[in-house]
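Hi,

Here is the structure for you to look over. My notes follow below it.

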Amino acid sequence: MPMQFAMVGHMKTRFSLINSGLYPETLPPCFVSKDAKRAFHGIVGQLDGEKYHERKTEYVRYSGTKHDGSRRFFGTPNIVSYFHTSSFIWKNWSKFEHNFALSEYSIGKPKLMGEDDERAVKVPSLSELSKHASKNLSYAPFILKADIAQCFPSIYTHSIAWAAHGIEQSKSDVTKDSSANTFNALDFFVRNGQRGNTRGVLVGPDAYRLIAEFILSKIDHELSQAVGALIVGAVRHVDDYYIGLRTEHEAQSVLSHLREVLAIYELNLNDQKTRIFSSLEPINDLWAQRLRDHMHFWSPTAGHEKYERAISEAVSAAVEIGSDSPIKILLRSFDEARVYENRQWDFVEQNIQRIVLKHPHAIDYACLLLAKRKARDREIDVEGWKSVAEIIVQRSLALNHHHETLWMVWMMIVCDIEISIQMIEELAKSRNAHVRALLVQAHVDGKLRRKPKLGLGAPLSTVDANWLVNLVARSQGFSKAAFSGLYSDHFDHLAQRGIRLIDFNDHIELMKRRDKRAISRTRYGYDDDEDEDFDGPDIDIDELFADIQGDEEP
């Protein structure tokens, strides 16, 4: 049974994937690139003429968290290398749509967002899985659950052309400017942006989400051609398959064919996450269903006990299953209830402070809630958060944990919490360009007591992993050193036009609006196809408390 989808839309310009899809969405919202279209004006034609030049660049690594305590590397590609990748996808969007339509199983078909949205592409969240699975798996008594091992880091870049033109045709002509095998060019552009490596694509930027779905949709099609008659129904969300089957024997057969098709594309299954089970077993974890029963705070009379019980249940579930996911559900529920505007904030804030010290995967949501309260001109525990940040930053810098470092420093900047000179000096020692670029912009904006000693040197490379901090430093007047490398002329142009790649104020101005969530669904979309604006009652929680209790708002 084919999955039914709405049209994914049309990519308006070659900058759609750059303006709001350059950085991984896991970075703090101050990392922006919507200024790219304006800044690139005047060199687009030159870049098009040079697109087949061999210009290998390094990307900026970003050590992020996973829910189970392990780590994942994200990456921010060189902005000029990414220009070529984004331009190709824009020019060949109809072929991407064609491949997406080949899949009968995917629920992760990308949706193109508007130019004013926080991301260029929205992929349906994992929360969509159970809804589609329940419908599409139909009566099937058995379910094959399969997971592609290290999907993005394992994608073979040559398989981009294979998915477009077929393996045999692709191998017959591998030239980067082939007129017959046009997707060889995309393979070339992707490799140029990752030091020439053919193994893996970056995790985070939106172009690579589209490329992965392009390949996986073709794999779905080939699996369907091979054993589609055996499959009652199936769903795939990114690299996770749930396939409904009539018998355990047929499930084993489909599993074997899935392994074979994936192997042709140089991919493999994660055996530890692959199994066959009864369709009576719930797809959704029971802990999540139980936890959500405690997460309804919309009642204006919800008191201390309600919040305390919810926090205890979330922390207990997190410890029990060894995952920070229950904590993220808790913090999203706080956002739904606008906890940053009601009288339980002091109690909740103290608990959030303790939570982030133990559950690093939830640090981003905690910081967003705090930033929302500050933007709404409410009091926060400045000294408490300063102490928490100092503990986390010191620990994270020692471990090269960029996610925790960046979010804590961003939180301090947007919440007007003073960053000590000692912390500035320690942050300046980091070799990560995201951290260093953040410091540059913070200094330029007058957010730091002392200019960080970054030792950028001269000249400033345009092709190594420091490209981001170097471009921010020159464009914002932090450094006057000349650029070097293959893209020196292009970076000169971008710097002279004052390209803005970090903006602390843009997100905070948005957060001042009462109808905007702290945790954006566009950027961190956990519920698909719902409005970004709040859909709860448009009430002032504190005023309601005052009316109920007969006292004045403090």
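Which residue takes a positive phi in the hairpin of β6 and β7? V238 does, with a value near 55°. That hairpin has two residues between the strands. Bear in mind that this is a predicted model.

Strand β7 first. It covers residues 240–245. The strand is mostly covered, with six of its six residues buried. D240, Y242 and G244 point one way. Y241, I243 and L245 point the other way. Both sets are buried.

β7 has pairing partners in β5 and β6. Strand β6 (residues 231–237) runs antiparallel to β7, and six bridges join them. In that pairing, I231 has L245 of β7 as its bridge partner. Strand β5 (residues 142–147) also pairs with β7 in the antiparallel sense, over six bridges. There, K145 stands opposite Y242 of β7.

Now the helices. α16 spans residues 345–358 and α18 spans residues 382–399. They pack at an angle of about 5°, with their axes 10 Å apart. Angles under 35 degrees count as roughly parallel, so α16 and α18 are roughly parallel to each other.

Who meets whom? From α16, the contact takes in E349, I352, Q353, V356 and L357. From α18, it takes in G384, W385, V388, I391, I392 and R395. By class, the contact of α16 with α18 has seven nonpolar, two polar and two charged residues.

Best wishes

Notes. Residues are numbered from 1 along each chain as its sequence is written. This is a predicted model: local features need pLDDT of at least 70, side-chain atom pairs count only at pLDDT 80 or more; totals for chains, interfaces and linings use all residues. Side-chain values use heavy atoms; hydrogens and water are left out. Axes are lines fitted to C-alpha atoms, for helices over the stretch in contact, and angles run from 0 to 180 degrees between N-to-C directions. Helices (H or I, at least four residues) and strands (E, at least two) are DSSP runs, numbered from the N terminus. Angles under 35 degrees count as roughly parallel, over 145 as roughly antiparallel, 65 to 115 as roughly perpendicular and the rest as oblique. Contact means heavy atoms within 4.5 Å. Ala, Val, Leu, Ile, Met, Phe, Trp, Tyr, Cys and Pro count as nonpolar, Asp, Glu, Lys and Arg as charged, and the others, Gly among them, as polar. Buried means under 20% relative accessible area, exposed over 50%, partly exposed in between (1.4 Å probe, protein chains only). Two strands pair if DSSP finds at least two bridges between them.
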